[in-house]
Amino acid sequence: MKAEAVKLIHGGDLQSAAMRYGIELEEWIDLSTGINPCAYPIPKLNEICFQQLPYLSTEFKKAVTFYYGSDRFAACSGSQQVIELLPKLLPKLPVLLPSLGYQEHSESWINACENERDIHFYPATDQDVAIERIEFQLEQGEPFHLVVINPNNPTGLSFSVAQLFDWSSRLAEGGFLIVDEAFIDLHPEQSVLSHYDEFHTVDNLVVMRSFGKFFGLAGLRLGFLFGPEVVLQAVHNRIGIWSINGPAQAVAIDAFNNRTWQMNNRVNIRLNSERTLTLFSPLLKRIEAKMQGTSLLFSSWWVESEQLEQMYDFFAQRGVLLRVIEEGVALNKPSDLSLLRLGIIDAKNESIVLKLQQVIDEFILTFD
Ligand SMILES: Cc1ncc(COP(=O)(O)O)c(C=O)c1O
């Protein structure tokens with residue numbers, strides 16, 4: 001008998017999950033995002049940061065430059081804010097986007113584009129195929145913007161810095177390369193920003209960074225756009241002077257300067273990622289899931305669609321929120337498979353490990 005379709009809840013939307021499944025917010029294990037579950041500890045804040053108007057402080061600018069390696073930035077309320085803005089600010093040109101990737105990019109471009117024929121996609125599940133499609137477009141010699149999510153959420157695809165600089169140098173006049181590095185903090189050496197000299201001589205390359213993922217503080221709403229002055233100025237003009245509130249600046253200064261936490265946290269994320277996968281491994285094997293990719297903060301798996309829907313509902317009924325990616329999958333989708341994206345747990349939290357283990361075991365038992 002065909003199961004009734006389960007309406008899926010967006011990543012991180014615990015409010016909707018709590019209402020739908022009648023489970024208190026605090027009781028959920030949220031595996032539906034790629035946000036670090038071991039958040040940066042909030043330091044004791046000086047009350048002044050709540051009282052004064054939040055002009056960007058020198059200390060904040062210094063800390064941003066220290067962490068990211070470039071001082072050519074516009075701070076914004078999460079990289080989401082620039083994802084929405086850029087299509088309105090950059091020259092009106094066709095755009096080439098990953099067919100599968102953080103969907104807000106394509107939505108923003110679709111909203112800003114007058115002609116839907118200007119929106120093009122490259123397949124984003126296979127590195128070689130993606131490169132081939134991008135190369136093909138470059139060879140046409142016509143101007144266009146290229147959007148790359150590096151590494152791609154959810155497919156895990158990633159391109160080398162050399163490849164990205166090469167593409168930006170070959171884009172025809174007016175075209176920008178837009179690189180979303182929301183998940184690159186685990187491998188800072190793979191960031192375009194780690195190549196300061198080259199980055200600062202290129203005038204058609206913009207890079208987005210997200211504070212919320214690696215530092216586990218998505219609710220603080222902090223992100224950055226790095227790039228040429230003319231684009232940064234256009235962003236400043238749109239978002240105004242007080243877009244980053246005082247407490248957000250204070251927490252970020254502390255976090256950016258805390259190299260010890262950052263180093264420990266990279267190790268911790270790796271361990272939590274391994275532990276989460278070890279827990280899920282028997283189940284993933286049982287349902288013959290095929291790995292698509294990983295960024296350590298998440299891993300993505302192709303699973304038979306109907307089975308994945310049942311699994312999603314089974315887990316949600318027991319307070320574990322998973323993420324099934326449906327949007328934009330069509331271009332890449334192997335027939336009747338859907339994509340499961342698994343976040344990671346804090347493996348030091350024994351009650352979470354125990355509960356998750358129990359739900360996984362129970363689900364495996366439904367096969368017998
Ligand atoms: C690839 C990617 N880019 C950007 C964002 C937006 O993140 P934020 O606005 O919190 O910086 C997300 C959020 O999930 C994402 O997955």
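Biologist: Which four strands form an open sheet, and is the pairing parallel or antiparallel?
Modeller: The order is β9-β10-β13-β12, and the pairing is antiparallel. Strands here are DSSP runs of E with at least two residues, helices are runs of H or I with at least four, and both are numbered from the N terminus. Two strands pair if DSSP finds at least two bridges between them.

Biologist: Before we go on, what kind of model is this?
Modeller: It's a predicted model: local features need pLDDT of at least 70, side-chain atom pairs count only at pLDDT 80 or more, and totals for chains, interfaces and linings use all residues. Residues are numbered from 1 along each chain as its sequence is written, and side-chain values use heavy atoms, with hydrogens and water left out.

Biologist: How many bridges join β9 to β10?
Modeller: Four, with β10 covering residues 299-304 and the two strands running antiparallel. M291 stands opposite W301 in β10.

Biologist: What about the sheet with seven strands, what's the order there?
Modeller: β2-β8-β7-β6-β5-β3-β4, an open sheet with mixed pairing. At its edges are β2 (73-76) and β4 (119-122), each pairing on one side only.

Biologist: Which helix packs on it?
Modeller: α9 (residues 229-239), touching β2, β7 (205-210) and β8 (223-226). The direction of α9 makes about 25 degrees with that of β2. Contact means heavy atoms within 4.5 Å.

Biologist: And how do β3 and β4 run?
Modeller: They run parallel, with four bridges joining β3 (residues 95-98) to β4. The bridge partner of L96 in β4 is H120.

Biologist: New topic: what domains does the chain have?
Modeller: The assignment gives domain 1 (14-30 + 261-365) and domain 2 (48-257). Those bounds come from an automatic or database domain assignment. The domain centres, taken over C-alpha atoms, are separated by 27 Å. Their contact takes 23 residues from domain 1 and 25 residues from domain 2.

Biologist: What's the volume of the largest pocket?
Modeller: About 680 Å³. A pocket is found on a 1 Å grid over the protein atoms alone, as an open set of points where a 1.4 Å probe fits, with protein on both sides within 12 Å along at least five of seven lines; lining residues have an atom within 4 Å of a point. Grid points are joined across faces, edges and corners, and the volume is the space filled by probe spheres set on the points.

Biologist: Where does the largest pocket lie relative to the domains?
Modeller: Between domain 1 and domain 2, because both give residues to the lining. The largest share of that lining, three residues, comes from α4.

Biologist: Which peptide bonds are cis?
Modeller: The one from N150 to P151 is, with omega near -5 degrees. The bond from N153 to P154 is cis too, with omega near 15 degrees. P151 sits in the loop between β5 (145-149) and α7 (161-170), and P154 also lies in the loop between β5 and α7.

Biologist: What's the phi of R221?
Modeller: It's positive, about 55 degrees, although R221 is not a glycine. Most residues other than glycine have a negative phi, and most peptide bonds are trans. R221 is in the loop between β7 and β8.

Methods: Axes fitted to C-alpha atoms, helices over the stretch in contact; angles between N-to-C directions.
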